[in-house]
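Hi everyone, thanks for coming. I'd like to walk you through one model today, so let's get it up on the screen.

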Amino acid sequence: MKLNKKLIWDRTKHYAGVIWRVDAVKSLALTWLIRVGVPSGIAGLALAIADALNGNV
């Protein structure tokens, strides 16, 4: 069976986008970034950029 890499990538992006729409996931990501030592301003900016890229502005 041959894997369709484009289809797998498209589905991965789709489900990642669906998961990213959940506010708890964003909160968890922000908390994790701050815990690993990323300054809160930069972590917040990173989440804002991720929202913009996913069309959640």
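Predicted model: local features only at pLDDT ≥ 70, side-chain atom pairs only at ≥ 80, totals over all residues.

Residues are numbered from 1 along each chain as its sequence is written, and side-chain values use heavy atoms, with hydrogens and water left out.

Let's begin with α3, residues 40-53. Helices here are DSSP runs of H or I, at least four residues, numbered from the N terminus. Which residues of α3 are buried? They are Ala43, Leu47 and Asp51, buried being under 20% relative accessible area and exposed over 50%, with a 1.4 Å probe and protein chains only. They cover an arc of only 80° around the axis, which puts them on the same side of α3; that arc is taken from the directions from the helix axis to the C-beta atoms. On the face turned away, you'll find Gly41, Ile42, Leu45 and Leu53 exposed.

And what covers the buried residues? The cover includes α1 and α2.

Now look at α2 against α3: they pack at about 145°, axes 9 Å apart. Axes are lines fitted to C-alpha atoms over the stretch in contact, with angles from 0 to 180 degrees between N-to-C directions. The contact (heavy atoms within 4.5 Å) involves residues including Leu30 and Leu33 of α2 and Ala43 and Leu47 of α3.

Finally, α3 is followed by glycine 55, with a positive phi near 75°. Thanks, everyone!

Terms used: Helix = DSSP H or I, 4+ residues; strand = E, 2+ residues; numbered from the N terminus. Expected span 1.5 Å × (residues − 1).
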